[in-house]
Amino acid sequence: MAQQLIVEGKDAIALANLLKKRSLPSPLGYETSRKFSNDFVKQAGSVSKVDTVLENALLQPSMNNIGIIVDANNVGAEERLNNLIKTITKTLNYTFQAQPKLTSRGFTTRILPELMLGIWIMPNNQDDGYLEHFLLDLIEKDNELLVFAKAKIEELIVKGMNRFSKVKKEKAILEHV
């Protein structure tokens with residue numbers, strides 16, 4: 001049974017650490033960190049390359065499960081979902097019974113009798129944002145280091161001393177927590 005998790009960036013490290021921290025098992029057949037990051041997780045390199053990686057996974061006859069995790073960015077979760085659905089319908093010449101909709105748990109469906117698909121749009125299948133928004137939500141709001149990092153990052157922004165763009169603010173905070 002072949003499985004693949006497609007991510008747009010270098011999210012494999014964060015995902016592996018999240019699984020480990022939550023004491024969740026690795027997917028069957030991908031228990032070693034090397035197999036997990038090299039075989040199970042496919043890093044597209046950017047959101048614009050996810051379609052190509054998804055097409056390749058869909059065309060593998062041995063593929064049973066495909067998971068996709070992408071950021072909503074500023075485009076929005078529904079738009080990201082619609083783009084992925086277009087790739088699936090075009091690649092497999094497949095027609096969905098109903099218009100796919102995201103829930104708070106993402107989107108899952110059995111496309112073919114042997115192929116299950118799951119999609120998660122960061123941070124929460126509704127809001128614009130990134131993996132970093134999702135990860136920050138996992139940290140308790142009263143965590144001293146988080147409170148301190150947020151204050152210092154804000155201070156850098158107010159003083160015009162930040163070396164990161166506005167969209168990378170959450171990444172800057174996480175690097176210091």
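## Terms and model

Buried here means under 20% relative accessible area, exposed means over 50%, and partly exposed is anything in between, with a 1.4 Å probe and protein chains only. This is a predicted model, where local features need pLDDT of at least 70 and side-chain atom pairs count only at pLDDT 80 or more, while totals for chains, interfaces and linings use all residues. Residues are numbered from 1 along each chain as its sequence is written, and side-chain values use heavy atoms, with hydrogens and water left out.

## Overall fold

Going by DSSP runs numbered from the N terminus (helices are H or I with at least four residues, strands are E with at least two), the chain has seven helices and five strands. Walk along the sequence and you get β-α-α-β-α-β-α-β-β-α-α-α. The C-alpha atoms sit in a box of roughly 55 × 35 × 25 Å along the principal axes.

Of the 177 residues, 40% are buried. Take a contact as heavy atoms within 4.5 Å: among contacts between residues at least 6 apart in sequence, 62% link residues at least 24 apart.

## Surface and charge

Leu-145, Phe-148 and Val-177 make a nonpolar surface patch of about 270 Å². Patch residues have over 30% relative accessible area and no salt bridge, with nonpolar side chains (Val, Leu, Ile, Met, Phe, Trp, Tyr) joined within 5 Å and like charges within 9 Å. A salt bridge is a side-chain nitrogen of Lys or Arg within 4 Å of a carboxyl oxygen of Asp or Glu. Val-177 is in the segment after helix H7 (169-174) and counts as partly exposed because its relative accessibility is 35%.

Met-122 and Pro-123 are joined by a cis peptide bond, with omega about 5°. Pro-123 is in the loop between strand E5 (115-122) and helix H5 (131-138).

Then there are two asparagines with positive phi. Asn-73, with phi near 55°, lies in the loop between strand E3 (63-71) and helix H4 (77-92); Asn-73 is buried, at 15% relative accessible area. Asn-93 has phi of about 50° and is found in the loop between H4 and strand E4 (107-112). Asn-93 is exposed, at 72%.

Conventions:
Accessible areas come from the Shrake-Rupley method with a 1.4 Å probe; for residues, only the protein chains shown count as cover.
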